Amino acid sequence: MYGLINKAVEGLIRSKFGDEVWHRIRSRAGVPDEPFITSQPYDDAVTYGLVAAASEETGIPVDDLCEAYGRYWNSVYTEEAGYGPLLHGAGRTLPELLRNLNHLHTRVKISYSQLNPPGFTVTDETPRSLNLHYYSDRPGIAPLLTGLLKGLGDHFSLVIDVTRTRVETPAPHDVFHLTWKPREQAPSS
Amino acid sequence: MIDPAAASAHASRRCPEVAVLQELFPFYFSVALSGEIAQVGERWGSIAPEVKVGARFDEVFEVDRPSGLLGVPRFASHADEIFLLRLRSRPNFWLRGQFIPGERVSDSSDLLFAGGPWLTKLKDLHTLGLELRDFPPHDPRGDLLIVLQTQESTLADLSSLTARLREELKHQKALEGQLRQIQKMELVGRFAGGMAHNFNNILMAIHGYAALSLMRLTPGDPLREWVEQIKSAADHAASLTRALLTLSRQHPMKLMPLDLAKELREIQQLVMPLLGERVRFSMDLPPSVGSVIADVSALKQMMMNLIINARDAMPQGGSVTVGVATRVRKESGTDLERHLVEVSVTDTGVGMDAKTKSQLFEPFFTTKEVGKGLGLGLSTVYGLMQQCGGSIEVESEVGKGTTFRLLFQRSSEAASGSSAAARPAPAGGGRVLLVEDEPLVRNLLQQLMGRAGYEVAVAAEPAAALDLIKRGEKFDVMVTDVQMPGMTGPQLSAQIEATLGPMPTLFVSGHTDDPVLAQGAIAPHHRYLQKPFAPADMMAAIAEIARKPAH
């Protein structure tokens, strides 16, 4: 994965747990103490190792960390890293953005030539729900997508519920069923 | 003149050509040769409403490139060039594109602008009211913005990495500097340690035989002054050795109250012959100088170094003044007062610039010619003052001279009198076992102890001493060198005491690596003297341990 992804992992850990914990996690994962380079491809093992080490260090399950990462990516990191307009330009509404995910990833691949982006299709659309079909070669990333989708809720001021189902036919993939409502209507618990 | 209403109606009909233009170039427009805008893309309505049908091109746009074009009709001759336009209402809103002459695509003479907004930073989209979708899929400018953003992020990462590496390099260089300094000091230490043992044995002989000679000479003998000078020179050489050991932190300090006036007068006697005829020396001692806390050898060494440096700073001659003053300083952050005594050495020499002053106390830094100074003098003074619990200050101006100020702690105790040479050697009695491998020193010590009334048995090596013990010889005191072939003095002592029990022993050495001896943390019936020492000091030490019950 590109350094961009690992920088976001680092940003999430530093912001949630502090610099000291980041260095412990980095050290546990065997990652050297040097800045990640945004456009440099890194072995996927670096990212997986960081997530595993973060889970061991903090006691937070990997799936929960992935979800937190997804939210952080869309709510904080994209803007901080200067890619906010990419997200804003992908759609004015949640369904429009989700329908444009393939286009968005194509734009990104032009910059990151070794990117191996997932594929998306949208089905069963209603004014308050849809199914997002997610096709990826990478194992274990699906929980991250749950976080990414919830992070989009922050972007559009929506409360989004996401349920994931694994489907094996016609091709193995994950289906994310999304339902949403405007944020101001959410119960203030 | 184009009728705006008609043009708008024409546009709204969305003929296929216009629809294609709208899809491919949302920011297109056409302009008539008269300079009036004839057609506009729909996106202009929300971005810059002044770009409308009927508006004059020159009033809405400024042509930045190609430069020097006057009038729309000239645009056609630059149809194969890139045009950079700016909105007059928003000078940071640039357009990049080309003007296509109408006759190339239709029967109109209007010029068609095919292009769109031009920017190089993704984040500027928002500022300009644009979105990424304003660049249709065929238009690579949207992707270019992402490429540039990625490059900018990467540059920022590399810049951060470079800063980190630069910092690490700086740190590494500092560590290397420290390592070099440590290696230098270790080298000095090894050199000093190796030299001190043999050199101090030689000095012991010179000093001791000079002392013996003085005992034989009558008070009025003309040779007496010369022998005194030999003894002083040996003292000075010994202090140089000690300075080297101090610099390499191998020489323990003995801090005690010193009678400053008395010590300074002795120093004056030592340096006067070394100053030459061109240098005037004066000393300004107040009536009651009092005592300071210092090591007597260190004080002499420091003053010698400063005065000789002052002499060397005045190649054409001048004056050196030694002054003494008292000072009271408040401890920083407290009301506590420190009572200090300042000893100053002032010369009227060449002085120093700021750069020289900043390096003054670094080991091996010298402004003297090659072969005239090792650059250890002032670094030794600095180290000695620190070990004395004091500090050093310097004031200098090029061409006007230099003043060094040594700040000692004032002592409330009276000085005990450090000059051993003045003390009479205590008379002795009893048997002494002398173990010394250096014949010069062995003979000297034998004579000194013999003259003091001791019966001395000599052994040239530890094995010979053990033979004497095994043969049942009895001794009241053992005087032994420390570093000898086969066995050290402390090992010999331990072996003898393992058989006979505690034996009063005086260890003498030119230099020892033994930390216990060097720090004086030894048994009550043991003493340690570093060579060269005054005969009276040795006799006093022997008398002291001989009197002490060993058990």
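A:Ser157 sits in the loop between α8 (142-156) and β3 of chain A. This is a predicted model, and in it the phi of A:Ser157 comes out near 55°, a positive value in a residue other than glycine. With a relative accessible area of 39%, A:Ser157 counts as partly exposed.

**Another positive phi in chain A**
- A:Asp124 also isn't a glycine, yet its phi is positive, near 50°.
- You'll find A:Asp124 in strand β1 (residues 119-126) of chain A.
- A:Asp124 is exposed, because its relative accessible area is 53% and the cut-off for that word is over 50%.

**Cis peptide bonds**
- In chain A, the bond from A:Thr169 to A:Pro170 is cis, with omega near -5°.
- A:Pro170 belongs to the loop between β3 (158-167) and β4 (173-182) of chain A.
- Over in chain B, B:Lys531 and B:Pro532 are joined by a cis peptide bond, with omega about -5°.
- Look for B:Pro532 in the loop between β18 (526-530) and α17 (535-547) of chain B.

**Strand β4 of chain B and its partners**
- Side chains in a regular strand alternate between the two faces of the sheet.
- In β4 (residues 83-87) of chain B, B:Phe83, B:Leu85 and B:Leu87 make up the covered face, while B:Leu84 and B:Arg86 are on the uncovered one.
- Strand β3 (residues 61-65) of chain B runs antiparallel to β4(B), joined to it by four bridges.
- β4(B) also pairs with β5 (residues 94-101) of chain B, again antiparallel and over four bridges.
- β4(B) and β5(B) form a hairpin, with six residues between them.
- B:Leu84 has B:Arg65 opposite it, and it also stands opposite B:Arg96 in β5(B).

Note on methods: Residues are numbered from 1 along each chain as its sequence is written. Chains are lettered from A and ligands numbered from 1 in the order in which they are written. This is a predicted model: local features need pLDDT of at least 70, side-chain atom pairs count only at pLDDT 80 or more; totals for chains, interfaces and linings use all residues. Side-chain values use heavy atoms; hydrogens and water are left out. Buried means under 20% relative accessible area, exposed over 50%, partly exposed in between (1.4 Å probe, protein chains only). Helices (H or I, at least four residues) and strands (E, at least two) are DSSP runs, numbered from the N terminus. Two strands pair if DSSP finds at least two bridges between them.
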